[in-house]
Amino acid sequence: MSPARTLATAARVLRQLRHDPRSIALMLLVPCVMLFLLRYVFDGSPGTFDNIGASLLGIFPLITMFLVTSIATLRERTSGTLERLLAMPLGKSDLIAGYALAFGLLAVVQSTLATGLAVWFLGLDVIGSPWLLLLVALLDALLGTALGLFVSAFAASEFQAVQFMPAVIFPQLLLCGLFTPRDHMAPTLEAISDVLPMSYAVDGMNQVLRHPDITGDFVRDALVVAGCALLVLGLGAATLRRRTA
């Protein structure tokens, strides 16, 4: 793995995204628009927005980065770009790390915009530091990037890439504790939720929402989300294919 090749890959991806305004809008604006709508859907009950707003602040970046990354990587393979790149002195790890770096930079911007909007404009009541919210939102976006890179190896078309969302994202969304506390679920579902990274993303956001200082549970949640992102990136490098069969 070469830092120079990784940086060159990241720069190429960013140049391509610069000419794709729809993807940029999806990554940067959609989470903000969804939070804005959510705030005024619960305009008569601001406490409801406080209860779920922090959780969604972590979920929205994960979902959008998953969609954009999986489709963008698949385009590279179906267009033959990936095959040409891997014929050069560019390893799979360089390619995956370059993609993760490029989308990670966009994730920083996305998470900053969404967190700033929720806390300072929409009035999300957070007891802890907004910087910790930003940290978890960023880790969630990186996890979404890693998952998108991973599942793109198993899709033969953009339509199939989108189809992975119900299989990969929706179960986590239902079991992460957003709709009901996880300890109120059936024991089997609670056990499944304990191994899903989105559960720890939501728990981490709730720790910041309810505690003024960094707690041991927050550190655990952040480490689990970061560890899952690194693990999935490794799996993505191992399963990356040059082209679609």
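## Pockets and packing in a predicted model

The lining of the largest pocket is made up of nine nonpolar, two polar and five charged residues. Keep in mind as you look around that this is a predicted model.

Let's stay with this pocket for a moment. Its volume is about 330 Å³. Among the 16 lining residues, those closest to the centre are Leu 17, Asp 20, Ser 23, Ala 72 and Arg 75. Helices H1 (3-18), H2, H4 (46-78) and H6 (92-121) each give two or more residues to this lining, and H4 supplies the largest share.

The second largest pocket holds about 260 Å³ of space. Of its 17 lining residues, Gly 177, Val 202, Asp 203, Asn 206 and Arg 210 are the closest to the centre. Here H4, H11 (197-210) and H12 (216-239) each contribute two or more residues. The table sets out the make-up of both linings.

| Pocket | Nonpolar | Polar | Charged | Top contributor |
|---|---|---|---|---|
| Second largest pocket | five residues | six residues | six residues | H11, six residues |

Next, find helices H2 (residues 21-28) and H3 (residues 30-41). They pack at an angle of about 40°, with their axes 4 Å apart, so H2 and H3 are oblique to each other. At their contact, Ala 25, Leu 26, Met 27 and Leu 28 of H2 meet Val 30, Pro 31 and Cys 32 of H3. The residues of this contact are seven nonpolar, with no polar and no charged ones.

Leaving aside residues up to four places away in sequence, Thr 145 touches Met 65, Thr 69, Ala 100 and Phe 103.

How values were computed
Residues numbered from 1 in each chain as written. Predicted model: local features only at pLDDT ≥ 70, side-chain atom pairs only at ≥ 80, totals over all residues. Heavy atoms only, no water. Axes fitted to C-alpha atoms, helices over the stretch in contact; angles between N-to-C directions. Parallel < 35°, antiparallel > 145°, perpendicular 65-115°, else oblique. Contact = heavy atoms within 4.5 Å. Nonpolar A, V, L, I, M, F, W, Y, C, P; charged D, E, K, R; others polar. 1 Å grid on protein atoms, 1.4 Å probe; cavity = no way out; pocket = protein on both sides within 12 Å on 5 of 7 lines; lining within 4 Å. Points joined across faces, edges and corners; volume = space filled by probe spheres on them.
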